[in-house]
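Take a moment to look it over, then read on.

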Amino acid sequence: MKRNCPECGDEYTGRIDKKYCSAACRATFHNRQNAQNLAFQRNVNNILRHNRNVLAELNPDGKANVRKDRMIDRGFKFRYFTNEYRTKNDTLYHFCYDYGYRVEDDKDKEWVFLIKRQEYVE
Ligand SMILES: [Zn+2]
């Protein structure tokens, strides 16, 4: 059965479960996929670390009220966080590692309340 190698494009024949023309093409293909996966993970990790550092910078005393704009100006990405925590009062916090924030419901959600995690770890 004739197929084309997904790495080099060459036509090859062989067993139905043979997916590449050669071991070299298979290795090259997988190495590149691994590199792309690692690059993606590194990218997300960098965003999370940056978010955490923005929170730390804006919250030196452990608690702070800041305008959302100030976080966005510093490149904070609200879609990226490490975990959520919901209090008994049904207040939702998002965390980037040890720093957390709560988007206030009122005032068009332009204020954010920042906290630092103390003993809570889950
Ligand atoms: Zn090939």
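Two strands count as paired if DSSP finds at least two bridges between them. Strands (E, at least two residues) and helices (H or I, at least four) are DSSP runs, numbered from the N terminus. This is a predicted model, in which local features need pLDDT of at least 70, side-chain atom pairs count only at pLDDT 80 or more, and totals for chains, interfaces and linings use all residues. Residues are numbered from 1 along each chain as its sequence is written, and side-chain values use heavy atoms, leaving out hydrogens and water.

**The sheet**
- Five strands form an open sheet in the order β3-β7-β6-β5-β4, with antiparallel pairing.
- At its edges are β3 (63–67) and β4 (83–86), each of which pairs on one side only.
- Between β3 and β7 (residues 111–116) there are 5 bridges, in the antiparallel sense.
- Arginine 67 has tryptophan 111 in β7 as its bridge partner.

**The zinc site**
- The zinc ion has Cys5 (SG), Cys8 (SG), Cys21 (SG) and Cys25 (SG) as its protein donors, 2.3 Å away.
- Donors are N, O and S atoms within 2.8 Å of the metal (3.2 Å for Na, K and Ca); water is not among the atoms, so sites may look incomplete.
- Along the chain, the donors follow the spacing C-x2-C-x12-C-x3-C.
- Cysteine 5 lies in the loop between β1 (2–4) and β2 (11–13) and cysteine 25 in helix α1 (residues 23–58), so this pair ties together parts 20 residues apart in sequence.
- Both cysteine 5 and cysteine 25 are buried (under 20% relative accessible area, with exposed over 50% and partly exposed in between; 1.4 Å probe, protein chains only).
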